[in-house]
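Let's take a walk through this structure together, going from the contacts between chains to a few details inside them. Keep the model open as you read.

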Amino acid sequence: MSAAVDLAIVGAGPAGMGAALEAARHGLRPVVLDEHGAPGGQIYRNIEGVTRDRPGDLAVLGADYGAGAALVAAFRAADIDYRPGSAVFEVGSGGLGVLSDGVARRLEAREIILATGAMERPVPQPGWTLPGVLSAGAAQTLLKASNLVPAGRVVVAGSGPLLFLLAWQLAEAGVDIAAILRTSPRGNLWRALPHALGLVGNPDVAKGLGWIRALKRRGIPFLEGVTALAAEGDDRVERVRYRRAGGETVLPADTLLLHEGVVPNPQLARASGAAHDFDAARGHLAARHDDWLQTSLDGVALAGDGLRIHGAKAAPALGRWAALGCLLRLGRLEAATAERGRAEARAEVARAARPQAFLHELYRVPDEPMTPRDDDTVVCRCEALTAGEIRRALALDVPGPNQLKAFLRAGMGPCQSRMCAPTVARMFAARDGRGVTEGDHFRLRPPVKPITVRELAEMQDLAAD
Amino acid sequence: MSDARFIVIGGGVVGAAISYGLARLGHPVTMIDGADDAFRASRANFGLVWVQSKGLGKPDYAAWSRRSAALYEDFRAELEDESGVDCAYHRPGGVTLALSDDELEEQVAILGQIRGEAPAGEFEFEVVERAQLDNMLPGLGPEVVGATYSAHDGETNSLFLLHALHGAFQRRGGAYVQGHHVTGIEAAAGGGYAVSTADGTVHTGDRVVVAAGLGNQELAARVGLEVPVRPVQGQVIVTERADPLLSMPTLNVKQTREGTFMLGASQAEVDYDITTDAAVLKRIAARNLRAFPFLSDLRVVRSWAGLRVMTPDGFPIYDQSPSHPGIFIATGHSGVTTAAAHAYVLADYFSKGEIGAELAGLSSARFHVQA
Amino acid sequence: MFRRRAAPAATVTVRLDGEAVAAAAGDSVAAVLLAAGADYRRHGVGGAARAPFCMIGNCHDCLVEVDGVANRQGCLVTVAEGMRIRRMRGKPVLAT
């Protein structure tokens, strides 16, 4: 058994980097595990490569992206045991299972911070499994990491600030966008307005409005109030069908980019056994935590968008906050010092996350696409299970998602329910005529990341038993 | 008395098979199931319909397992007809691989004893040499020395079996209530029994079947039966799907019809704990990789720990309460193998009000015989 | 279908179904396939055409065979010189 490290951080996005820098600042050398080859997370994906190889694209990707360079540079310069290419497949019993270069190892850690970030809310639409239909974030990743943009007729659909940022970035990158279809109901604006107080002149809100104005200036059709969105085609998307007040429209399309907001990526935290509750206002699972961002598990904290969506600007402060708690528990900081640091981090988070409530209400996803009406819509992509098949099993009065999984294999495929869990949860709640609960979500089983039988059989730093 | 109203406590594979069996005999049945997060052995099962190695020193149980296996094909077909769910049962025989001569010898000795205890000709097995085994199973590792084979053995998808049983039961008009924790069983004022649940609901029936797995001990004690059960944890690994390769199950590795490989098995006395243990999973992976090296690069999609419902001697318990006639109990860890017998034979006994003499050796009396 | 906006700073050559294909150093395998054209893979369940959806390791629709190992997540594997990439047609076939 290898000696335990003091602090292991999962994720080298802004929250993980913020946590690591705070630990390093107090003389603790944390281990940072990240499955990608370079720091930055999804938000600052390939920031070093873009800055080095195609600096002209910093203008295309926007000022917020470029701002990540300083954080990454500080992270690189600090005394941190950074381990890229390391996927964490399990957290529990005071340690982590780490897979890198085809070798699985157990790493014991006294304190663990999960900074696994956000994911786009998976919302099943008819035809969303067709090639050529991608999430908006996927297109953004391809642009940042590989300088690839969709060719042909590109339709962008959904709601949320990232959708407009992506559309703006693609337009700046020379992509001809055929249409932007907005699915957020008009009523959202009224629900959002009470949260808008104090946001007048907020730079983030102003920036979002700026993207929309710029897109409209380019003459890109901006269609509001879109419903019944569907991708159609044989072996790839060929058409996008949708409804508006005026009736049904079919648009030819080679690429359809979907986005319905971002939610915490709950996979690792839930598989570790940390208690979660369903946050009805935000429409996603959220981990229970104490005032040091420690979960229900001793020595396992959460930071950044994995905790709750606060945005990239708040993430480093949330990382610092979690790290201060770890340092305190490790006896590396005086309580007063840690509390002072926390107060500063808390204020910074509040400042940076100010627009979140407004944005959430403005872009709240209506229930309808989350509980697909069309029986043929695939809900579980891995097992190719449709909404109709799930509804038929629900009619047998299955008590919950774990029994449903047993009956249908829903959520049993390689994605381990990442793509279908939120929808299945809503389908249970809809059947029973109540709100969604934590119990409507599949129980998660390790490994959270793919590990082969051989890698498991040869796992190191484990007693042979 | 096919109009006797039954309350079945437990919606796992034991309770559901009995409920289905009673419903097909025309009884009105209410099956009371627990919550979605209940410890459910049926959902953690390996899905073997397994006869070899069952019932060492207990010929009655060995015969019961064989009887169920013999009924299974009809059972599968009927369930598929009634529920539309194919539980993927087939009976190509099954093998227990040996990775050393010692393992093989030990296995042969056990099966030999079981054969000796069985009526002549009722249980057969073969010792398969390595060369012959290569014609039965592809890709065996160099350490595999041989195996025992029994034509009685087969496999099913235990999850789909549970689905099929629930579907067929409801199709037969059975009433299903879920999310209930049974808190009491009492004689009802006008005859029969009242089963009450934590939320205050009371279900009344003429007869009651207690098939609540690990919950049986407490419930049985209320009606004067001693049913000592304890959890024995087993961990299982499941891989991603691959093209069909294994045409028959082995004791610790099988390929499902979907293409996934299931790898088992472990036994641990860890009380009510269903967290997986990396060291145990490592051992399961390593052992089965020696048997089938081709598993090497398959990705593990899931692992889990389930709790077997274990009695002191490992055999099931079937009994009727002496103090509360008409209250029956069914408990055991091989509920998938015995499901056909539960649906077709045991349900018939419960319907008639008396458990057949061939199951007398499986009554709970064996645990309270005082010297 | 995706196109490259500019020639990459550095390239590596991979074998895609046996054909030599130039990729940008640092590219994910999924990006290489998306840039190479339409067809990505056939799903192991039902055989429908599938291609990457999320590109950050969640959806598992980017599965691809890399250096003889099936079902790797193409969006998480970085290309290397000489890497052998094969499109998958259904479930992996195991070599015994």
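What follows starts with the ground rules, then turns to the interfaces, a sheet and one arginine.

This is a predicted model, in which local features need pLDDT of at least 70 and side-chain atom pairs count only at pLDDT 80 or more, while totals for chains, interfaces and linings use all residues; side-chain values use heavy atoms, with hydrogens and water left out. Residues are numbered from 1 along each chain as its sequence is written, and chains are lettered from A and ligands numbered from 1 in the order in which they are written.

Let's begin where chain A meets chain B. Here 38 residues of chain A are in contact (heavy atoms within 4.5 Å) with 42 residues of chain B. The size of an interface is often given as the accessible area lost when the parts come together. Chain A and chain B bury about 3500 Å² between them, and 56% of that lies on carbon and sulfur atoms; buried area is the accessible area (1.4 Å probe) that two parts lose on being put together, summed over both. On the chain A side, A:L396, A:F407 and A:V453 supply 18% of the buried area, more than any other three residues.

Which residues form the salt bridge here? B:R241 pairs with A:E383, their closest N and O atoms being 2.2 Å apart. A salt bridge here is a side-chain nitrogen of Lys or Arg within 4 Å of a carboxyl oxygen of Asp or Glu, and the count between chain A and chain B is one. Across this interface there are also 16 residue pairs in polar contact, both residues at pLDDT 80 or more. A polar contact is a pair of N or O atoms within 3.5 Å; within protein, one must be able to donate a hydrogen and the other to accept it, and residues adjacent in sequence count only if both atoms are side-chain atoms.

Helices (H or I, at least four residues) and strands (E, at least two) are DSSP runs, numbered from the N terminus. In chain A, α16 (401-408), β23 (451-452) and α18 (453-457) each supply at least two residues of the side that touches chain B, with α16(A) giving the most, seven residues. Strand β23(A) is joined by two bridges to strand β16 (residues 299-310) of chain B, and the two run antiparallel. Within that pairing, A:T452 stands opposite B:R299.

Chain C also meets chain B, with 13 residues from chain C and 13 residues from chain B in the contact. These two chains bury about 1100 Å² between them, 61% of it on carbon and sulfur atoms. C:K91, C:L94 and C:T96 lose the most area in chain C, together 50% of what that side buries. The count of salt bridges between chain C and chain B is zero.

Finally, find B:R66 in helix α2 (residues 59-83) of chain B. Is B:R66 buried or exposed? B:R66 is buried, with a relative accessible area of 8%, where buried means under 20%, exposed over 50% and partly exposed in between (1.4 Å probe, protein chains only). Leaving aside neighbours within four places in sequence, B:R66 is in contact with B:V51, B:A118, B:P119, B:E122, B:F123 and B:H152.

Key:
Pairing = 2+ DSSP bridges.
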